[in-house]
Amino acid sequence: MFRQQAIRNIGRRYATAAQSASGPQARAAVPNYALFNERLAKARSTILENKPLTLAQKILYAHLHDVSSMTSAPVAGESYLKLSPDRVAMQDASAQMAILQFMLSGMAQTAVPTSIHCDHLVEAYEGADADVARSWQTSSEIYEFLQAASQKYGIAFWRPGSGIIHQLVLENYAAPGTLMLGTDSHTPNAGGLGMLAIGVGGADAVDAMAAIPWELKAPRVMGVHLRGKLSAWASPKDVILALAGKLSVRGGTGFVVEYFGDGVDSLSCTGMATICNMGAEVGATTSVFPYGPSMARYLRATQRAGIADAADSQRAAYLSADEQVAADPARYYDEVVEIDLATLEPGYNGPFTPDLHTPRSQMASAVEREGWTDRVSAALIGSCTNSSYQDLSRAASLARQAAERGLRVAEGTEFLVSPGSEQVRATMERDGIQAAFEAIGATVLANACGPCIGQWNRDGARPPSREHNSIVSSFNRNFRARNDGNPNTLNFLASPDMVLAAALSGRLSFDPATDALRDADGNEFRLQPPAGAELPADGYAAGRAEYRPLLDHQPDQQIPIAATSTRLQPLAAFAPWDGREFANTRVLVTVQGKCTTDHISAAGKWLKYKGHLENLARNTLIGAANAAMDGAVNRVRNAVPGLQPAEGTIPDVATAYKAAGVPWLVIADYNYGEGSAREHAAMQPRFLGCNMVVARSFARIHETNLKKQGVLPLVFARPDQDYFLFASDPHELVVRTEGVAAISAADPVVTLVVDRVRDGATVETHRIECRHTMSADQIGWFKAGSALNLIASQQQAN
């Protein structure tokens with residue numbers, strides 16, 4: 001009964017409800033804009049008192065689960081919204097755990113259109129077809145599991161080699177004014193097509209797949225005013241690189257970033273997607289552009305004219321901010337940032353963090369000042385951020401200039417290109433773009449994530465182990481050791497145009513606007529600015545049939561998980577909370593500085609264990625620096641006398657605590673858990689016995705993931721003081737709580753009572769006030785032991 005009613009409700013969101021509710025989709029159906037406007041009108045006339053709205057607010061309020069149950073307007077940064085997403089998209093690494101959780105939900109099929117995209121498990125090594133074929137050899141167990149689950153639950157399954165999740169969503173599933181959850185932090189890419197697309201953990205995706213209202217803390221809205229038009233060498237990537245430099249990696253936390261102004265209409269749809277994609281790097285909940293002509297052109301070019309026709313009629317009423325907002329943005333946006341596109345300079349962001357911005361004209365002096373390795377060992381174009389037809393055609397125009405003068409990429413520089421999808425690859429091949437790259441020495445990789453997420457076997461092209469070297473990429477993230485496992489590889493993020501220029505010159509310090517190259521005869525010449533097409537003149541090529549989605553709903557399909565598997569493991573439910581205060585809790589580690597989800601749950605070689613929690617837990621926090629041991633990475637002291645190892649790796653000591661029944665917590669620095677949406681970074685600590693994470697501040701997705709898995713996230717009331725208590729000999733500290741037993745949404749205070757114990761005696765006691773941010777529903781997850789436990793019990797009750 002519950003499932004049938006859920007599917008009827010979901011079906012109303014689409015003009016073609018039968019298709020959306022009954023099985024997998026190759027492309028999105030036309031959204032039911034009449035329903036969205038009906039819901040928005042109801043919200044306006046009741047809780048919102050007809051106040052002017054931003055675009056982001058319109059989409060959110062049009063997706064409120066039950067506005068009639070609300071008595072007042074949401075307060076940004078305080079209230080929680082209960083939303084009904086329209087769609088879910090998952091990549092193969094995160095889909096494994098999401099499916100394992102969904103299997104326990106009791107649902108017979110997904111309640112919203114859902115897709116799985118196999119893009120993370122393909123390792124870049126020899127080239128496109130060879131790498132895809134090898135992925136089937138190394139990951140066939142995972143692909144067969146995901147395919148069978150897709151067939152059973154009515155999910156569209158995109159095979160390895162079909163493309164990167166975000167490019168495929170943009171080409172097939174994104175629709176203006178709709179709401180999507182994706183189990184990847186770069187899901188906001190679809191904001192380039194006017195969709196509110198939000199990165200989440202797998203448990204959040206399961207909510208939507210099971211038609212359970214999804215909770216989001218009401219975001220603030222940051223308006224980014226774009227004026228003018230980009231200059232010849234500047235690209236949309238430079239907009240977000242500059243914005244990241246302005247805001248920092250946590251400056252957008254709690255915000256939806258909404259772009260507006262006359263500069264918007266000068267950008268292509270795929271260019272806007274690039275900008276939204278990297279909004280994750282400033283901590284934003286998501287990013288979005290108003291619907292406009294370039295979106296309409298893209299929809300029609302990708303065989304979705306019906307959506308374009310419907311959206312055209314909604315541009316003013318629903319798919320852009322109200323006129324009053326545009327007329328007085330400072331009044332209606334919580335913050336406004338100004339960017340003049342005409343004066344924007346190309347730049348590089350990095351190394352080791354995506355918000356360290358250096359304008360192109362200042363790069364040579366920065367290389368010298370900072371001691372960065374000037375020689376570029378690898379140049380990489382692609383990833384979900386910059387692998388569109390326009391990106392590749394612009395870069396190819398530079399490659400052709402070089403080839404005409406007999407020039408190839410610099411000696412010692414590896415040049416790799418990753419197309420975003422099979423559609424883009426086939427079109428690139430047909431239109432001579434691939435040939436242009438190969439003429440200067442490029443290797444074209446599979447339509448997959450590859451080096452961007454650490455799936456890169458550099459092998460013979462790799463510099464000696466741990467050697468300092470620089471790479472330039474059009475990727476979105478550049479944390480230490482992320483791409484090739486070498487902590488001394490410096491990754492500088494840039495536009496594909498700048499990457500190509502670095503490949504030809506072999507130098508970080510090269511400025512194509514002012515510096516010259518030498519042709520095959522030794523003559524100097526300068527590159528002319530790049531020129532490319534927004535869309536292919538002859539339309540997109542379809543590509544190979546084997547890369548089209550599998551749309552084969554078989555409700556009786558069995559899902560294979562071998563009992564001896566080292567890569568897949570059925571989930572066991574976490575134990576529910578016992579209703580008492582936490583006591584005798586030890587501090588496993590006091591994390592110093594940046595600690596991303598890459599540090600908490602590494603990718604690379606560990607990706608193969610994403611469906612096996614016990615095996616994956618062996619990498620828990622291996623990238624974390626310990627403030628109590630002078631920043632030593634993955635080293636901690638055992639806090640329990642006599643328990644072995646007395647000192648060891650973080651997962652080894654955590655495993656020892658688990659075996660001995662010792663609860664533990666993590667003390668964390670600012671913006672703990674930034675980066676990827678991977679929920680494993682919450683599930684692994686929970687599996688090993690963590691009951692709390694206490695931080696100076698959290699990244700949004702990770703804090704939610706901790707709540708979903710029954711871990712209590714707390715923030716220091718005095719972060720600049722109390723954190724440091726735990727930086728000195730934390731192995732001596734024993735922690736108990738006051739306020740957990742009576743935890744409520746109305747009272748956010750939880751006190752840590754911290755005893756310092758030496759030789760069995762308490763030598764000092766501190767009381768540390770903390771805050772939780774849990775809603776009433778989230779407290780329900782905590783009490784049940786996890787959100788999944790609560791879903792399963794609700795399903796059984798129905």
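These legends describe close-up views of a predicted model.

The model is predicted, so local features need pLDDT of at least 70 and side-chain atom pairs count only at pLDDT 80 or more, while totals for chains, interfaces and linings use all residues. Residues are numbered from 1 along each chain as its sequence is written, and side-chain values use heavy atoms, with hydrogens and water left out.

**View 1. Packing of helices H9 and H10.** Helix H9 (residues 236-247) packs with helix H10 (residues 269-277) at an angle of about 20°, and their axes are 8 Å apart. Helices are DSSP runs of H or I with at least four residues, numbered from the N terminus. Axes are lines fitted to C-alpha atoms over the stretch in contact, and angles run from 0 to 180 degrees between N-to-C directions. H9 and H10 are therefore roughly parallel to each other (angles under 35 degrees).

**View 2. Residues between H9 and H10.** From H9, Pro236, Lys237, Val239 and Ile240 meet Gly271, Thr274 and Ile275 of H10 (contact means heavy atoms within 4.5 Å).

**View 3. Helix H11 and its cover.** In H11 (residues 293-301), the buried residues are Ser294, Met295, Ala296, Tyr298 and Leu299 (under 20% relative accessible area, 1.4 Å probe, protein chains only). Their cover includes helix H7 (165-172), H10 and helix H12 (305-312). After H11 comes Gln303, with a positive phi near 65°.

**View 4. Surroundings of Tyr259.** Leaving aside neighbours within four places in sequence, Tyr259 is in contact with residues including Leu226, Ile240, Ile275 and Phe289.

Conventions:
Helices (H or I, at least four residues) and strands (E, at least two) are DSSP runs, numbered from the N terminus. Angles under 35 degrees count as roughly parallel, over 145 as roughly antiparallel, 65 to 115 as roughly perpendicular and the rest as oblique. Buried means under 20% relative accessible area, exposed over 50%, partly exposed in between (1.4 Å probe, protein chains only).
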